[in-house]
Structure formats: structure tokens, C-alpha cells
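Hi there,

Here is the structure I promised to pass on. My notes on it follow below.

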Amino acid sequence: MSAARAGPLFDDAFRENLGDLLRWRRDVRRFRPDPLPPGTLERLVATASLAPSVGLCEPWRFVEVADAKRRVAVRASFERENRAALGQQAGERAALYAGLKLAGFDAAPVQFAVFAEPDPEQGHGLGRRTMVETAAYSAVMAVHTLWLAARADGIGLGWVSILDPAEIGQALDVPKHWTFIGYFCLGYPVASADTPELERAGWEHRRPAAERLIRR
Ligand SMILES: Cc1cc2nc3c(=O)[nH]c(=O)nc-3n(C[C@H](O)[C@H](O)[C@H](O)COP(=O)(O)O)c2cc1C
């Protein structure tokens, strides 16, 4: 265990770079097929594990999916759910939805799912008595940490949630009680951008942050 000590000081240049990292992190669906250097996922998972977690229970479970048959099963679930989602769109929205690329399965060299152990022994239940969902929140924090660390290395991450969680759990043979957080594609992006792809495609746009700050 490392003792408490004066930590690093972050200067203006670092803060500027951090702002750029946050502005240029993107959800990536278009990947180059080039492999990532060996050990990339292990390194990113180690960084992701620096994320906060309720009661320090570290409930995140990363499941790398390299097996071709399992990848096919995940992709089939996406295709079914994406068709169903398209069916719920009407008129111009349906045409717009049909043109969106919502997963990078075709080229992403590394793919993994993230689950949360909903009731881990680690952490001794601290913080979860009234809010069981905090285990899942903690796993999401780990995902975001990994997302930023990947982007800092020039690696893109794409989140796929258009899936049936039960099908994914079964396809990946994980304990039934785990909470499915998402499926992720990882690889070198075809391009970088400082605006979300959904904004560029005309699906949705971001609103001023001040509109999201409510005061009572
Ligand atoms: C919980 C969650 C689920 C998402 N699911 C999908 C998905 O299934 N397919 C997809 O293309 N993008 C998905 N995204 C990415 C969002 O569309 C994206 O984050 C958003 O449009 C903002 O773009 P940006 O991440 O590039 O800033 C998801 C993001 C989150 C946080």
C-alpha cells in the first residue's frame, strides 16, 4: 500500500490537454482493422480499475470476446435489436435511423463486454443498502476511465447497447446474475472528430450545459 503523499501538481498545459481529451473523446464505430499492440486491453483494464467504486467493491467484470462464434452471436443480437429499433421509428426519422452506423463489429480488432457483479462481497455492502444500482454505476465509471485512457493513446472505443442483455450473457457464458453494462469495440479509429457522429449525421445535437444545471 502506498502512503499518502503530496500528489502531482497539474499545470495549465495539462489542463488544456485534458480539455482536449474530453472534447475529442468520441464514440467510434468506424475502425481500421489493424491489430492493437499486444497487452493493450490488459493495460487499459488496469487503468480502468483506478475508477471509483461504491464501497471500493470494484464490481466491474471485463469479458474479452475473441471467439468467432461468440462474436457472431453478439452481432446477431445487435442485428435483431437494431431491426426492431428501426421498426419503431417513423417517417423521416426511420430513413435517418437506417443510415446510422451504430456498431463497429465489422472491423474492431478487440471486442469486450462489461458486466457488474451486483452484490460483491468486496466492499462489504457499503453504500449499496438503499441504492443497489451503485454497483452498475461503478462499472460505468470504469468504462469511462478506459474510454479516456484509450483515446489518450489514439485508440477508439465504441459502446454498443442495441442488444438483448440475456442473449449476451448466454453467448458469453457468464454468471446469470451479472448485470450487463455494454458491449465494446476497440481499435484505431478511421478518423477523429470533435463532434459526436450522431450530431454530424443530423440525429441529435448537444444543448448548452447551462440548461442542464438546475438550482433549487
Ligand atoms: C450507455 C450508452 C450506450 C450507447 N449505445 C450506443 C449504441 O448502441 N450504438 C452506438 O452507435 N452508440 C452508442 N452510444 C454512443 C452514443 O451515441 C454517443 O456517446 C453519443 O452520441 C455522444 O457521442 P460521443 O460519445 O462521440 O461524444 C452509447 C453511449 C452510451 C453512454
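Helix α5 runs over residues 134-152 (helices are DSSP runs of H or I with at least four residues, numbered from the N terminus). After α5 comes Gly154, with a positive phi near 80°.

This is a predicted model: local features need pLDDT of at least 70, side-chain atom pairs count only at pLDDT 80 or more, and totals for chains, interfaces and linings use all residues. Residues are numbered from 1 along each chain as its sequence is written, and side-chain values use heavy atoms, with hydrogens and water left out.

Among the buried residues of α5 are Leu146, Trp147 and Leu148 (buried means under 20% relative accessible area, with a 1.4 Å probe and protein chains only). Their cover includes the helices α1 (12-24) and α2 (40-48), and also β1 (60-64) and β2 (110-116).

Now for the ligand. The residues surrounding the ligand include Arg25, Arg29, Leu102 and Trp159 (one heavy atom within 4 Å). Arg29 places a polar side-chain atom 2.8 Å from a ligand oxygen atom, while a polar backbone atom of Leu102 lies 2.9 Å from a ligand nitrogen atom. On its own the ligand has 610 Å² of accessible area, of which the protein covers 73% (Shrake-Rupley method, 1.4 Å probe).

Best wishes

How values were computed: Helices (H or I, at least four residues) and strands (E, at least two) are DSSP runs, numbered from the N terminus. The expected span of a helix is 1.5 Å times one less than its number of residues. Buried means under 20% relative accessible area, exposed over 50%, partly exposed in between (1.4 Å probe, protein chains only). Contact means heavy atoms within 4.5 Å. A polar contact is a pair of N or O atoms within 3.5 Å; within protein, one must be able to donate a hydrogen and the other to accept it, and residues adjacent in sequence count only if both atoms are side-chain atoms.
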